[in-house]
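Please look through the sequence and the 3D structure below.

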Amino acid sequence: MNGKKEESWMVELANQRKTLFANLIFVETDDKKRIDELLRTKPILANYEDAEERWLVLDSWEGFYEHSGKGENTTCSKIDCGGDIREYGMRVAIPKVQKELETKDTVLVMTNIFRTDDQLNNAVRGWAMSNQLNVNRCSVIVFVDNKNIFPPEVWSHTRIVTPPRSTWAERSVLIKTTQDSMKKHIIKSKLLDEDGMGNTIRLTAGLTLDQIEASVIESIMLNEYISLTTISDLKTKLLANNPVISLIQRPPFGFEAIGGYNNLKQRLMDEIIEPMKNPQVAKYYNMKPPRGIILFGPPGTGKTIIAKSMSRELNMSLLVLRPENILGMYVGESEKNFKKAFEIADSLCPCILFIDELDRFSKRDSGDNVSSHVERELFSMLLERLGDEDREWFFVGATNMIESIDPALRRTGRVDSVIPVPFPDAKARIEIFKIHTSVKRKLPLKTDIDESVIAEKTLMWSGSDIEQMVIRATNIVMKNDLKSGCKGLKIGMSDFLESIKTFNVDVEENSRLQKQVKDQTIRLTNDTRLTDVFDHAESQMVSESSRIDVASNMLKGKKGKGGTSEVS
Ligand SMILES: Nc1ncnc2c1ncn2[C@@H]1O[C@H](COP(=O)(O)OP(=O)(O)OP(=O)(O)O)[C@@H](O)[C@H]1O
Ligand SMILES: [Mg+2]
């Protein structure tokens with residue numbers, strides 16, 4: 001669990017108020033249960049021990065009211081603010097609220113704010129700056145899903161507190177009380193025992209309290225007990241609601257589905273996976289657990305599947321962040337979603353956070369336009385989180401353009417190593433072919449397959465090209481089978497050779513990319529285990545290239561970016 005976040009967010013809130021004399025504090029959360037929690041607890045915000053504070057709530061749904069009492073014994077009494085908030089918005093209440101804030105020791109909580117206008121913005125900004133409020137020891141707490149709903153001039157002078165999505169202890173209490181309160185809907189023999197409770201608490205990590213309660217109730221209503229399968233499905237759906245992240249709870253394959261790259265796999269096993277699986281060893285030697293890696297190399301060489309298979313090997317969830325969606329958002333939304341992704345990663349720990357296309361917002365150069373401003377902001381958020389001592393998730397980044405990534409990202413403490421993923425050598429190509437014909441897919445094969453010929457004809461192909469080649473061969477045979485009355489035809493060597501002919505892999509361009517990756521690797525590391533891969537691939541190229549008619553490829557005009565394009 002993540003140490004810092006385990007401390008109550010309300011303690012942080014009260015400390016911020018007391019020590020920094022900030023009248024206004026934003027609580028950034030979309031979890032309604034956090035407001036209940038604050039109002040039931042009513043921590044003392046004033047700077048002296050036994051202050052008696054009066055708590056008022058301005059809620060765009062419920063109106064303006066005073067909230068009294070603590071724990072289970074709370075009451076609400078409406079305050080007339082001279083207009084219907086639901087109809088006219090919060091601004092109608094501002095004169096009345098202003099008046100109430102003239103009374104000493106008043107705490108105002110604002111919630112359910114979905115839009116703002118000039119009047120509301122000006123009022124909130126005024127409260128943030130008000131000396132009078134400070135003298136009166138009044139505080140304003142604004143609950144918002146996204147602080148950017150207010151213009152920066154409002155929140156830039158305030159403190160922002162972000163409650164955790166849920167802690168282990170909170171989940172434990174919530175699941176127990178929800179089960180107790182719904183006992184009559186649960187089959188008696190299926191009430192959670194200690195192990196079941198532990199598994200449910202573990203599984204619900206990453207969800208907010210609101211979401212956990214809803215999932216547990218839905219699961220009981222559907223199954224008449226708390227079903228881990230139902231909760232797991234709901235969790236994937238709830239987290240997938242966020243357009244920039246997706247959660248893969250248990251990828252189907254580990255390292256057994258990665259062909260070749262034995263050095264790389266061994267290195268990941270020795271330096272990352274084993275130490276992470278046995279944290280007590282690192283502790284004994286007073287070493288820090290692994291923090292992260294960056295994989296770089298040409299398209300289709302398997303960077304994404306390496307991240308997925310690591311999560312399988314480690315038995316950890318994989319949170320995938322998609323930069324292409326993040327950067328397309330309107331101002332403020334990108335940062336919010338980025339932050340949320342980190343929060344989810346924090347609360348899912350231990351887990352892996354995988355960021356593909358890292359170069360999208362980690363570029364060295366940046367101009368003055370809006371998108372590069374967002375990129376810079378996201379980049380500094382990423383740097384900060386990667387360097388955060390309390391971070392417990394493991395980071396995997398992937399890129400095709402390692403050179404354009406700001407070196408600050410690669411610094412030790414943020415990631416442990418930068419690892420090249422080049423085009424596969426002949427042995428790896430055979431393994432990749434086998435994986436896509438017999439492991440990931442079990443294809444009906446003839447006995448005439450000569451893998452060494454396939455390796456020979458796929459020099460400088462990526463793993464992705466080889467996979468596509470297998471799919472294309474299978475499709476051809478499948479079509480023939482359907483035409484000939486579904487006899488169950490098998491796929492043979494001639495079908496693969498036919499399929500290979502339909503590909504137009506630019507060997508020369510890919511050789512250039514391979515050399516580039518090698519040069520980059522030499523510049524970035526002096527680890528011979530990494531550079532060895534290239535020497536092997538190079539000597540293989542020299543001996544094989546005579547059999548490859550590179551010149552004829554060139555003559556056919558197949559210039560391009562590397563990768564694949566079709567001949568036909
Ligand atoms: N070494 C490999 N073993 C087995 N399959 C592979 C290998 N390399 C690539 N593949 C196959 O190719 C597909 C594409 O690979 P992947 O998406 O991991 O490449 P990538 O390096 O992330 O590419 P990009 O840079 O375009 O994101 C995968 O679905 C996988 O099935
Ligand atoms: Mg990828």
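At roughly what angle do the axes of helix α9 and helix α10 cross? In this predicted model, α9 covers residues 168-181 and α10 covers residues 194-203. Their axes come within 9 Å and cross at roughly 125 degrees. Angles over 145 degrees count as roughly antiparallel and those from 65 to 115 as roughly perpendicular, so α9 is oblique to α10. The crossing in which α9 passes α10 is right-handed.

On the α9 side, the contact is made by Trp168, Arg171, Ser172 and Ile175. On the α10 side, Met197, Thr200 and Ile201 take part. Sorted by class, the residues in the contact of α9 with α10 are four nonpolar, two polar and one charged.

The next element to find is a sheet. Seven strands form an open sheet with mixed pairing, in the order β4-β3-β2-β5-β6-β1-β7. Its edges are β4 (73-78) and β7 (159-161). Each of these two has a single partner strand, so one side of each lacks a neighbour in the sheet. On average, neighbouring strands of this sheet are turned by 25 degrees against each other, direction ignored.

Strands of a sheet pair through backbone hydrogen bonds, either parallel or antiparallel. Both kinds can be followed here. Strand β1 (residues 24-28) and strand β6 (residues 139-144) run parallel and are joined by five bridges. Opposite phenylalanine 26 stands valine 142 of β6.

Strand β2 (residues 54-59) pairs with strand β3 (residues 63-70) in the antiparallel sense, again over five bridges. Leucine 56 has glutamate 66 in β3 as its bridge partner. With three residues between them, β2 and β3 form a hairpin.

β3 also pairs with β4, in the antiparallel sense and over six bridges. Here the bridge partner of tyrosine 65 is lysine 78 in β4. β3 and β4 form a hairpin too, with two residues between the strands. In this hairpin, glycine 71 takes a positive phi near 55 degrees.

These elements belong to a protein of 568 residues. Its secondary structure comes to 25 helices and 13 strands. Of the residues, 37% are buried. Taking contacts between residues at least 6 apart in sequence, 79% join residues at least 24 apart.

Notes: Residues numbered from 1 in each chain as written. Chains lettered and ligands numbered in written order. Predicted model: local features only at pLDDT ≥ 70, side-chain atom pairs only at ≥ 80, totals over all residues. Axes fitted to C-alpha atoms, helices over the stretch in contact; angles between N-to-C directions. Helix = DSSP H or I, 4+ residues; strand = E, 2+ residues; numbered from the N terminus. Parallel < 35°, antiparallel > 145°, perpendicular 65-115°, else oblique. Left-handed = near helix turned anticlockwise from the far one by under 90°. Contact = placed C-beta atoms within 7 Å. Nonpolar A, V, L, I, M, F, W, Y, C, P; charged D, E, K, R; others polar. Pairing = 2+ DSSP bridges. Buried ≥ 20, exposed ≤ 12 C-beta atoms within 10 Å, placed from the backbone.
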